[in-house]
Amino acid sequence: MSATASPLVEVRDLVKHFPIKQGVIFQRQIGAVKAVDGVSFDVLDGETLGIVGETGCGKSTTARLLVRLLDPTSGSIVFEGVDIAKASGASLKELHRKVQIIFQDPYSSLNPRKTVGSIISDPYIIHGMYTGEGERKKQVQELMDRVGLNPEHYNRYPHEFSGGQRQRIGVARAIALEPQLLIADEPVSALDVSIQAQVLNLLRNLQREMGLTLVFIAHDLSVVRHMCDRVAVMYLGKVVELAPSDELYSFPRHPYTGALMSAVPVPDPAGSKRERQLLSGDVPSPANPPSACRFHTRCPKAQEICSTDDPPLESKGAAGLTACHFPLTLDEVRLRLPAALTAAAAEDPRYSSSSSSSSSSASSSST
Amino acid sequence: MSANGGPLLEVSDLHVEFPTEDGVVHAVDGISYAVQRGQTLCIVGESGSGKTVSSLTTLGLTQTQGAQVSGSITFEGRDLLKLSTNEMRSIRGGPISMIFQDPLSSLHPFYKVGAQLIEAIQAHQKVSKGAARDRAVELLALVKIPDPQRRVDQYPHEFSGGMRQRVMIAMALSNDPKLLIADEPTTALDVTVQAQIMSLLAELQQRLGMAIILITHDLGVVAEIADIIAVMYAGRIVEHAPAEQIFGAPQHPYTWGLLKSIPRLDTPRGEELVPISGRPPSLIRRPGGCFFHPRCPYARESHTRIDPKREPVPGDPGHEVACLLEPDLRARIWKRLVAGESPDVLRRELAAASTAPLVTTEPAPGTPGAEP
């Protein structure tokens, strides 16, 4: 990623509410699950943007909105001058050629009655490409080869493949049309540990070769750190922090990001001696989210203001954006994260200046 | 080691086989381990490595499925495999209890949480329903469920995932077990909830002094709680050592693969992941010799024939490994893997230096022909 990269997708105030209905014949709406509630971010050309968060934070809904598998309640998603949220007919079909998705579960996302060959050639049939039978087969087999599948298995069915290979089929189907934007919704969380790295490396290589822009959605912070240039952290339908990876992981500013990272187990008995900050309780229901800052019910730094004023997503001195009244200070971060992560931040003059100013303001208000 | 001698649980040469239409599935193939009182043993492995089957067998839960079991499982001096169904029933949920991966499917949806806890208590203790209920509330408080008096009368669907797992833990603790088997207790949970549950387990262990067998695929979870780690592959324990040794000086190429194929928060970003090529073998038609040889970058021709025995690592007490590579060679390879060198480079060097030809391993992912 470079600072000069232009946005490929601009997401503004994206909202998706799922109605909760009651009644048998005359259904009336009695509420709404606010799955995505006012999310704005850019996806830069050629980058990998990560979206992380716990179950129910709206990350998968965001993915589905980006490919228009769901219709947003309001807001816009502008891709090359076209609003995905409002596209229809021919322009929507054209968008689906350029924006593709890989799903989480490689078992339920492939039709068990179709052969691998016909699953991967479907995009070509829909978009009228490679119309000749032989030509199409050749193209599909090239694609299979590219993602590490044996082209001779063209006529096999999905059940004949292992989980990792099925995910490769999903990847082949998604890149068949040479999209510009690829959304990967938890692509490795259903796979065994030794297979995960194979699929992650495949995605990285494809991105390098094809110049893909990738939106990578996952709940595993270590995987996201490995894959992504920038990361958006979501909590209950909102983006609470959006920052370049290096910055986010060495110096998370939002207390929620800090807590998430503190909870990640590190496979090193000696290095895990840090003061784990454990969040109490569970994520509140998105049907009835807390007022103002949604994290205030679980936040260790919450004050009066957090339940009345919703903090805007803004810069706290460095390149990242944080939606918090009382961002973490460098000292707090050092206590909670593995030392290897925070070492970079400690040496960076940008952070020390910003942290000293914010720590003084935070300490005056929190004591 | 406890005052009254021997280990709490000792499994020796346990075999579990399931006859199927396609052939015999060798789910567990001659594993041995021991758990001392108050100790935490972690069994690490991928799906299909036999880690769950071995612990289900400890509780006598596989025998009903037509499994053929041999070997011995000694718990407090008694061989569990020789006990009758009734005797086994008094052990299961009593001195040995278990929590499962998916708390939603482990709780009955039609019964209140309290009723299920009371049932578990009354199955093992002759107490009145009222006393059992008091104990149920006490247990819910023990696992830190807020407002236990009210929650005891709620149904499982009214609990979140983390809270349900707490209920499962409460149920497992209801008869003061000496051994708690936890099978992937946090896999279905979010990281923040996972951290809560793991710290709860560690705290309860300190307070109640029980031994824990933790089964997981996540080496990160293991690092914080384990005393001893057993790494399983294709039904066998390939490496067995104190936790620090597994992370500090791992000996088996499979353990190296596990450690190098996961991205970690405490290593530099951008460090390449080293996947283990291929996939786990079929447990019906297993490869000859060392089961890991088709995926091992360093396997020699002889490794396809010779079956490695679990042997002590010289100069490293308590560390055992089943690997045919020479100990000093293993130490050299791990040192260079830590330095960030790729297994491919090491493999080429090894091939050039040795007189014995290396086995052609399964093609690396990304190349055609990596199919079964």
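The following dialogue explains how to read several features of this predicted model.

User: What conventions apply to the numbering and to the model?

Analyst: Residues are numbered from 1 along each chain as its sequence is written, while chains are lettered from A and ligands numbered from 1 in the order in which they are written. The model is predicted: local features need pLDDT of at least 70, side-chain atom pairs count only at pLDDT 80 or more, and totals for chains, interfaces and linings use all residues.

User: Which strands form the open sheet of chain A, and in what order?

Analyst: Strands (E, at least two residues) and helices (H or I, at least four) are DSSP runs numbered from the N terminus, and two strands pair if DSSP finds at least two bridges between them. In chain A, an open sheet of four strands has the order E2-E1-E4-E5, with antiparallel pairing. Strand E2 (28-44) and strand E5 (82-83) stand at the edges with a single partner strand each, so one side of each is left without a neighbour in the sheet.

User: How many bridges join the neighbouring strands E1(A) and E2(A), and how many join E1(A) to E4(A)?

Analyst: E1(A) and E2(A) pair over 13 bridges in the antiparallel sense, with A:Pro19 opposite A:Ala32 in E2(A). Their hairpin has five residues between the strands, and A:Gly23 takes a positive phi near 105° there. E1(A) also runs antiparallel to E4(A), joined by five bridges; here A:Arg12 stands opposite A:Ser76 in E4(A). Finally, strand E4 (residues 74-79) and E5(A) pair over two bridges, antiparallel, and A:Val78 faces A:Asp83 as its opposite residue in E5(A).

User: Which helix lies across this sheet's strands E1, E2 and E4 of chain A?

Analyst: Angles run from 0 to 180 degrees between N-to-C directions, and axes are lines fitted to C-alpha atoms, for helices over the stretch in contact. Helix H1 (residues 59-66) of chain A lies across strand E1 (7-22), E2 and E4, and runs at about 70° to E2(A).

User: How is a helix pair such as H3(A) and H5(A) to be read?

Analyst: Angles under 35 degrees count as roughly parallel, over 145 as roughly antiparallel, 65 to 115 as roughly perpendicular and the rest as oblique. The axes of helix H3 (residues 116-126) and helix H5 (residues 163-175) of chain A come within 7 Å and cross at roughly 25°; the two helices are therefore roughly parallel to each other. Residues are in contact if their C-beta atoms, placed from the backbone, lie within 7 Å. On the H3(A) side A:Val116, A:Ile119, A:Ile120 and A:Pro123 meet A:Ile169, A:Ala172 and A:Arg173 of H5(A). By class, this contact has six nonpolar, no polar and one charged residues, where Ala, Val, Leu, Ile, Met, Phe, Trp, Tyr, Cys and Pro count as nonpolar, Asp, Glu, Lys and Arg as charged, and the others, Gly among them, as polar.

User: Is strand E9 of chain B mostly covered or uncovered?

Analyst: A residue is buried if 20 or more other C-beta atoms lie within 10 Å of its own, exposed if 12 or fewer, and partly exposed in between, with C-beta atoms placed from the backbone. In a regular strand the side chains alternate between the two faces of the sheet. Strand E9 (residues 228-233) of chain B is mostly covered, six of its six residues being buried. B:Ile228, B:Ala230 and B:Met232 lie on one side, and B:Ile229, B:Val231 and B:Tyr233 on the other.

User: Which strands pair with E9(B)?

Analyst: Strand E3 (residues 40-44) of chain B pairs with E9(B) in the parallel sense over four bridges, and B:Cys42 stands opposite B:Ile229. Strand E10 (residues 236-242) of chain B pairs with E9(B) in the antiparallel sense over six bridges, and B:Val231 stands opposite B:Glu239. E9(B) and E10(B) form a hairpin with two residues between them, and B:Ala234 in the turn has a positive phi of about 50°.

User: How many residues does each chain give to the contact between chains?

Analyst: Chain A gives 46 residues and chain B gives 44. On the side of chain A that touches chain B, H6(A) gives the most, with nine residues.

User: Where is A:His226 placed, and what does A:His226 touch?

Analyst: A:His226 is in helix H7 of chain A and is buried, with 25 other C-beta atoms within 10 Å. Not counting residues up to four places away in sequence, A:His226 touches A:Leu200, B:Pro263, B:Arg269 and B:Leu273.

Key. Two residues are in contact if their C-beta atoms, placed from the backbone, lie within 7 Å.
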